[in-house]
Amino acid sequence: MSSGSTEADATRRAPDAPPAPASMMASIRTLPAARRRWAAAAVLLAAACYAPFQLVPFHVFQLTMVLVYAVALLGLNLLVGHAGQISLGHGAFFAVGAYATAILLDRWALPYPLTLPIAAAVAFVLGLALGVPAMRLRGLYLALVTLAIAIFLVPLLKRFEEVTGGSMGLTLVKPAPPAWSGLAEDQWLYFLALAVAVVAFLLAGSLLRSRVGRALHAVRDDETAAEVMGVRLSAYKTLAFAWSAMFAGAAGCVYTWVIGFVSPDSFTVNLSITLLAGLVVGGLGTMAGPVLGGLFVMFVPSISQEINDAAPGVIFGLLIIAVMYVAPTGLAGLAGRLIRKIPRKE
């Protein structure tokens with residue numbers, strides 16, 4: 001075949017080639033705001049469904065954990081980013097969901113699907129119970145109370161060895177993929193986590209678009225003005241605490257499915273601090289923030305370990321400082337600024 005015909009064929013095939021990312025983003029930007037959000041979500045979901053078939057099992061596992069952390073951070077975002085409260089004990093509710101699932105599977109052999117709503121409900125009730133006294137506080141006092149919750153959880157889990165397995169934890173069987181799916185175990189767990197994440201983000205989005213979301217934003221922006229407008233501060237603060245715990249409990253449930261093992265040492269106070277750092281880095285008060293924060297929580301500690309085995313905490317802290325210096329509004333804010341710089345299509 002001559003070079004001329006080859007160039008002609010390439011020219012004819014060019015329109016069928018997938019658009020460049022910048023061109024795709026520019027096309028999305030021409031849509032109305034609501035359609036633009038749904039179009040971006042559809043593109044991300046399509047990429048998420050495609051990814052596990054192109055990656056090795058370990059990388060599929062990493063993406064699965066990103067989804068688990070994203071659901072947990074979604075709940076923390078409701079409390080911190082949208083309600084304006086502070087929490088250093090979010091990892092405790094994550095642990096409650098994980099242990100509730102492990103006990104239900106180990107002691108009562110419940111089907112896996114039933115453990116998800118039960119774990120979320122247990123975390124919700126516990127968050128509601130702890131939220132009533134905690135929401136009478138604010139600022140540093142609230143931070144100390146939630147930090148205390150995360151601190152005493154680990155010795156509490158070790159104390160009731162008959163139920164929790166003590167320091168040895170509980171080992172469980174992971175959910176096996178059904179024969180009709182044709183999926184490997186890592187792919188099946190990934191899609192389970194993806195399904196839970198999609199439902200969680202839809203629920204959170206619906207909640208924030210309702211009058212409840214407007215009330216939470218009013219509480220965050222100005223408590224005095226919100227109270228004058230008729231918003232019951234204590235009620236909405238307590239509910240924000242409970243909803244935050246519910247999402248963390250659901251994430252803990254999926255964590256148990258994916259890992260197949262729970263131990264008190266997996267849920268130390270460092271987990272709560274890392275989750276809060278991940279949310280701030282991802283972007284407070286945004287829907288993309290929990291996803292970007294999940295990527296940060298999953299990959300940055302491992303990168304820090306690879307850079308320096310002797311001082312991963314130092315590297316981790318320096319990376320947080322660097323990200324916040326470059327993107328003070330979080331990675332979601334930085335991404336938004338970059339997208340706005342893409343020229344619109346005429």
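Helices here are DSSP runs of H or I with at least four residues, and they are numbered from the N terminus. The model is predicted, so please read every value below as computed from it.

Alanine 109 is not a glycine, yet it has a positive phi of about 50 degrees. Most residues other than glycine have a negative phi. Is alanine 109 buried or exposed? Its relative accessibility is 62%, and because exposed means over 50%, alanine 109 counts as exposed.

**Salt bridges**

How many salt bridges does the model have? The count comes to four. Side chains of opposite charge can pair when their charged atoms come close.

| Pair | N to O distance |
|---|---|
| lysine 158 and aspartate 265 | 3.4 Å |
| arginine 220 and aspartate 221 | 3.2 Å |
| glutamate 223 and lysine 237 | 3.0 Å |

Take the salt bridge between lysine 158 and aspartate 265 to start with.

In the pair of arginine 220 and aspartate 221, the side chains meet in a salt bridge. Arginine 220 has a relative accessible area of 34% and is partly exposed, whereas aspartate 221, at 58%, counts as exposed.

The side chains of glutamate 223 and lysine 237 form a salt bridge as well. Here helix 11 (residues 223-228) supplies glutamate 223 and helix 12 (residues 233-259) supplies lysine 237, 14 residues apart. Where do these two side chains stand in terms of accessibility, buried or exposed? Both glutamate 223 and lysine 237 are buried. For lysine 237 the relative accessible area is 5%, and because buried means under 20%, lysine 237 falls in that class. The two side chains also make a polar contact, at 3.0 Å.

**A nonpolar patch**

On the surface, Trp38, Leu45, Val198 and Leu202 form a nonpolar patch, and together they have about 380 Å² of accessible area. Which helices supply at least two residues each? They are helix 3 (33-50) and helix 9 (185-209). Leucine 45 is found in helix 3, and at 36% relative accessibility it counts as partly exposed.

**Helix 14 and its kink**

Finally, have a look at helix 14, which covers residues 289-307 and has 19 residues. From its first C-alpha to its last, helix 14 reaches 25 Å, close to the 27 Å expected at 1.5 Å a residue. Where does helix 14 bend? A kink of about 30 degrees lies at phenylalanine 299, shortly before proline 301.

Residues three or four places apart in an α-helix point the same way, because there are 3.6 residues a turn. The buried residues of helix 14 include Gly289, Pro290, Gly293, Gly294, Phe296 and Val297. Also buried in helix 14 are Met298, Val300 and Ser304.

Notes
Residues numbered from 1 in each chain as written. Predicted model: local features only at pLDDT ≥ 70, side-chain atom pairs only at ≥ 80, totals over all residues. Heavy atoms only, no water. Expected span 1.5 Å × (residues − 1). Bend = angle between axes of the 7 residues up to and from the residue. Buried < 20%, exposed > 50% of the residue type's maximum accessible area, 1.4 Å probe, protein only. Polar contact = N/O pair within 3.5 Å; in protein donor to acceptor, adjacent residues only side chain to side chain. Patch = residues over 30% accessible without salt bridge, like charges linked within 9 Å, V, L, I, M, F, W, Y side chains within 5 Å. Areas by Shrake-Rupley, 256 points an atom, 1.4 Å probe, with all protein chains shown as cover.
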